[in-house]
Amino acid sequence: MSVETIENVRPLLREKALWARRETLKIHRIAPETRIASSLSAVEIFVTLYYGKILRYDSKDTQWEGRDRFIISKGHGAISFYPILADLGYFDPKELNRVCQEGTFLGGIPDSIIPGFETINGSLGHGPGVACGIALGLKRKRRNESVFVLVGDGELYEGSMWEAIMFAGEHHLDNLIMILDNNRVCMLDYCKRILDLEPLDEKFRVFRWDVRTVDGHDIEALFSALVELKGERNGRPKLLIADTIKGKGVKSLEIDSLSHIKSLKPAEIDKILEDLL
Amino acid sequence: MTTDTATIRDVFIEEIYRRMYNDDRIFFLSADFGSPKLDALRETFSDRFINVGIAEQNLINVATGLALEGFTVYAYAIAPFLTMRAYEQIRVNLSLHAQLKEINVNLIGVGAGLSYDVSGPTHHCLEDISIMRTLPNMEIFSPSDWVLAKEFVNYTLRVKRPKYLRFDGKPVSRIYKDSSEISFDTGFSELNRGDKICIVSTGYMTQRALSVIRRLESEGIHIGLIDVYLLKPFSGRKILDIIQSYSYVVTLEEGFTGKAGLDILISEILMKDRTRIQQISLGFNDTYVFDIGNREYLHKLKKLDEESIILQLKTLLREI
C-alpha cells in the first residue's frame, strides 16, 4: 500500500466521510447507548487514516507484523469506526445491525474482541502509554511501522497521559503519532469551564513533541498533515491537534455542552439522515 | 538446610541479567527503583533497561505495549505502589487484555508485608495478595527464599501471562536446597510433617514458621508446615490432601486476614470439602500499623513474633 495523493483520494474521502457519518447515526438508532456525539467528531480522522491509505493494514491478517498500529484511546467515541472496519473487510457488515445486541462482538465501547482494535478501551488515559511501549518495541526490533493513537481532549485530565507524553519525548519516539480529537467538550461541560487545557500546543512542545493543528473535519488538511507527520522521523513524537466539533453534523448536538450523554430519538435520526443527503 | 542468606530481588535480577545475554526479547523496566544487582544490567543492556521514572501507571502501560510486540517484560517497583497506584492499569491492560492475547508482563513488587518496616504504612504492603488475587488472568508468586525466586525465572519466560511477584525487601535465609524440592505445578512444598497442627504460610512468614517449628521440635512437639509460593493458580485440592491428616490449620501471612489473602484461600478449600478441620488465621487485623520500629518489634505488637506464635500453638494444643 503506497500513500496516495490528495487529488486522487479527495472524492473518495468526501464520499466516505458522509457515508460513515450516516452509518454511525444508523448504528445509534439501533443502539442508543452508544456515544454518538463523541463518535461524530472523529469521523474524518478515521476516514482519512484508512481510505487515505495513511495507515498500512491488512483486514484479513489483523496481527500482520507490517501493519501500522492504531490505538483508540477514546474508545467510547469510536462507533463511527465500526462501519469503516466492516467496509474494509475486517468483519461482516451485517454485524452492524446488531451493535449492543446479544451475542455480537460490537459493544457500546470497542475492545480487541473486534477485529481491527488493538487494545482494551473504555477506561481513559491508557492508550498513549501502551502506544509508547509499542513504539519502543518496534524501534528495538528495528521495524519502521508507525503507531497512531487517537485521544480525546477530556482524557488529558488523566495524569497517566502526561506520564506517557513525557516518556515519548524523552525516548525520541518519532514513530508515534498522537491524534487529538479536540472537540472541547467533556461529559458535563466545556473543558474550558472545567479546567482549561489550553495552550495545548505549547504544553506538548515543552515535552519535546512536534505539534500541528488542523481543522479536524477538513479532510484535505488532515490528509496532508498526517502524510507529513508519518514521514518525519526526526527524533520527536508527533501530535496532530484536530480541532473538531462534538456531534458534528447534528445541529442539536453541536451546540449542547451536555452532548456527550445525549441520545437521539429514532425520528430525529431519520430527519438528520434526510438532511445529510 | 543451609543458612546462607541473600536478597530475593538481587538473586532474581542477577538471573534475568544472565538470560538477557542470550534472549534479546527481554525488557527490564523500573519505576526509579534499584538494587545493587541492577547496576550491571542497566549498564550492559541500556537499550532494554528503561527507568520510566516514578510513574507506576506508565510503567504498566509501557510494559503492556512492549509485551504486545512480543517482548517478555519485567516491571520493577516498590510493591505497594506497583500494585495500588497502578491497579487500574494492571486491571485493564494486563488482566483484561490477557484474556484475549498473550501478554508476558512480570510485575516485580519489592517490599511485601512489613519489609519496609520503619518507612511506615504507605510502604507496608498488606493488601497485595487480596487485591491481586481478585484479578482474573493474573498469577501470583510469593517466594519464601531466594532459591525459589531463582528457579522461578524459567517459569516467567515459559508462562506467557501477567504475573505478580511479591518479593521481600530484606535478605532472607535459604530454605530450599535446589529445584528438586520445588514444584511450580503444585505451587507449594511440604517442609515439615507434624501431628495435629499444620501451619500454612507464604513469603517471609515461612521463615518465621520454620524457626517456630524447629524450636517446638526440640521440645518434642511436631507441627506441620506447608510453604505456598504460587497463590494463583492455587492447587487447593493437593493441599487439602496433606492437611486432611491434621485437626488444625494455622495460616500465617504478613497481610490482612479475613479479606482475600492466604487464609481465605485455605478457608475456601476447607469449606468446599466440608472438612472438620479447624482454622486459625494469623496475620494483620483490619488496622494499619503506624507504630515505629523494626519488623521484629512490629511483629511482636501484632503477636506474629516467634514467642507469640509458639504460645498460641501451645495453647491450641492444650485445647485439642
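Trainee: Why is B:Asp47 called exposed?

Mentor: B:Asp47 has 11 other C-beta atoms within 10 Å, so it counts as exposed. The cut-offs are these: 12 or fewer such atoms is exposed, 20 or more is buried, and in between is partly exposed, with C-beta atoms placed from the backbone. This is a predicted model, where local features need pLDDT of at least 70, side-chain atom pairs need 80 or more, and totals for chains, interfaces and linings use all residues. Residues are numbered from 1 along each chain as its sequence is written, and chains are lettered from A in the order written.

Trainee: Where is B:Asp47 placed?

Mentor: In the loop between α2 (38–44) and β3 (49–51) of chain B. Helices (H or I, at least four residues) and strands (E, at least two) are DSSP runs, numbered from the N terminus.

Trainee: Which residues of α9(A) make the contact?

Mentor: A:Ile219, A:Leu222, A:Phe223 and A:Leu226. Contact means C-beta atoms, placed from the backbone, within 7 Å.

Trainee: How many residues does each chain give to the contact between chains A and B?

Mentor: Chain B gives 23 residues and chain A gives 20. On the side of chain B that touches chain A, α3(B) gives the most, with nine residues.

Technical notes: Two residues are in contact if their C-beta atoms, placed from the backbone, lie within 7 Å.
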